[in-house]
Amino acid sequence: MKAFVRYSVFILVALALAYGGYRMLTPAATKTTPAEKAEKEEHADSVTLSDAKIETAGIELAKASAGVLRDSLLLNGIVQPNQESLVQVTPRFPGIVRDVRKRIGDRVQKGDVLALIESNQSLTQYELKASLAGTVIDRQTTLGEYVSEQKPAFVIADLSTVWVDFSVYRRDLKRVGIGDQVLIDPADGGPPIDSKVSYLSPVGSSDTQSALARAVVPNSEQRLRPGLFVTGRLTLSEKTVSVAVKASALQTWENRTVVFVRNGGKFEARDVEIGERDPQLVEITFGVLEGDVYAAQNSFIIKAELGKGSGDND
């Protein structure tokens, strides 16, 4: 019995010595320091993109700043020629069109010859002239055609200003008034056009159960073309906030709401808390400071690069 006990003790001592030798020969596991852990997490939430890649991807950069949030009403509208700057040019005497000088789309000055007409009375030609500087938007005559004072031969409009007519449904009529601001989107990729309601129709349409609200809009860049549909966002109320970013800047990353802020050559996924918002802007109450440069458009591309862990880090 004593021999068995001594043998057992010997086995235990041998195992203990063998384990101790293994521990001495095996390198200790490297522990991650808090600084290394923070650096790893920072790297996981950031990606480097060169200026060339930013431009190629169409990533728009903007600075976080104070902004105006608007409670608004979305309206559908159509662009019309300004009827106060439009003329219908009719022949003075009936006759035959012998020459046509201007066509639809041509710009004319006051006094320009539009056509030559041979009078039926005198059998001599007289000039049909523009009585307004503008653009020919309609022509109702052709070479050799009989014309008379009963029908306009040309319609000329000064398109430096246009009417934008919006339909306002009955339930919203009490919310709309003359002088209200309306931001018009021509859907051409450019910024909205700031205007005001200048006319509100006293009668409505039985077909659509809506009434007309009109804005007279400067159109020097010809962004608004008569006949095309547009949308307008009529401002009902406004609130100024200290820091705002474009709504398109918000992304969801690992179940967090983030904005990609540029810091040096990197974009960081910055956790944010948001306040009030409108269709264009979002109030930031925490996470982004005034003056921070952020990805305002196409920020989803940065999210995709972050997901690959690549960017220009490869």
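The structure is a predicted model, in which local features require a pLDDT of at least 70 and side-chain atom pairs count only at pLDDT 80 or more, while totals for chains, interfaces and linings use all residues. Residues are numbered from 1 along each chain as its sequence is written, and side-chain values use heavy atoms, with hydrogens and water left out.

The chain has an average pLDDT (the predictor's confidence in each residue, from 0 to 100) of 87, and 84% of the residues score at least 70. The pLDDT is below 50 over residues 24-32, a stretch with two contacts (heavy atoms within 4.5 Å) beyond near neighbours in sequence. Residues 34-43 also stay under 50 in pLDDT, and for them the model has four contacts beyond four places in sequence. Where pLDDT is low, the predicted coordinates should not be read in detail.

Secondary structure was taken from DSSP runs numbered from the N terminus, with helices (H or I) of at least four residues and strands (E) of at least two. Two strands are taken as paired if DSSP finds at least two bridges between them. Strands of a sheet pair through backbone hydrogen bonds, either parallel or antiparallel. Five bridges link strand E7 (residues 113-119) to E8 in the antiparallel sense, and Leu116 has Glu127 in E8 as its bridge partner.

Another open sheet, also of four strands with antiparallel pairing, has the order E4-E11-E9-E6. Here E4 and strand E6 (107-108) are the edge strands, each pairing on one side only. E4 and strand E11 (residues 154-157) run antiparallel and are joined by four bridges, with Leu86 opposite Ala157 in E11. Val89 belongs to strand E4. At 6% relative accessibility, Val89 is buried (buried means under 20% relative accessible area, exposed over 50% and partly exposed in between, with a 1.4 Å probe and protein chains only). Not counting residues up to four places away in sequence, Val89 touches Leu114, Leu128, Lys129, Ser131, Pro152, Ala153, Phe154 and Ile156. The C-alpha atoms of Val89 and Leu114 are 9.2 Å apart, at a sequence separation of 25 residues.

The structure contains one aromatic pair (ring centres of Phe, Tyr or Trp, the last by its six-membered ring, within 6.5 Å; planes under 30 degrees apart count as stacked, over 60 as edge-to-face and the rest as tilted). The pair is formed by Phe93 and Tyr126 in an edge-to-face arrangement, 5.6 Å centre to centre and with 90° between the planes. Phe93 is located in the loop between strand E4 (86-89) and strand E5 (95-100) and Tyr126 in strand E8, so the pair ties together parts that are 33 residues apart in sequence. Phe93 is partly exposed, at 34% relative accessible area, whereas Tyr126 is buried at 9%.

Arg214 is part of strand E15 (residues 210-218) and is buried, with 16% relative accessibility. Its charged end sits over the ring of Trp163, 3.8 Å from the ring centre; this assignment requires NZ of Lys or CZ of Arg within 6 Å of the ring centre and within 35 degrees of the ring normal. The side chains of Arg214 and Asp165 are joined by a polar contact of 2.7 Å (a pair of N or O atoms within 3.5 Å; within protein, one must be able to donate a hydrogen and the other to accept it, and residues adjacent in sequence count only if both atoms are side-chain atoms). Beyond four places in sequence, residues touched by Arg214 include Lys196, Val197, Ser198 and Tyr199.

Ser210 is likewise found in strand E15 and is buried at 8% relative accessibility. A polar contact of 2.6 Å connects the side chains of Ser210 and Thr208. With residues up to four places away left out, Ser210 touches Ser167, Val168, Tyr169, Gly204 and Ser205.

Glu254 lies in the loop between strand E17 (251-253) and strand E18 (256-263), and Asn255 is placed in the loop between E17 and E18. Glu254 is exposed at 53% relative accessibility, and Asn255 is exposed at 80%.
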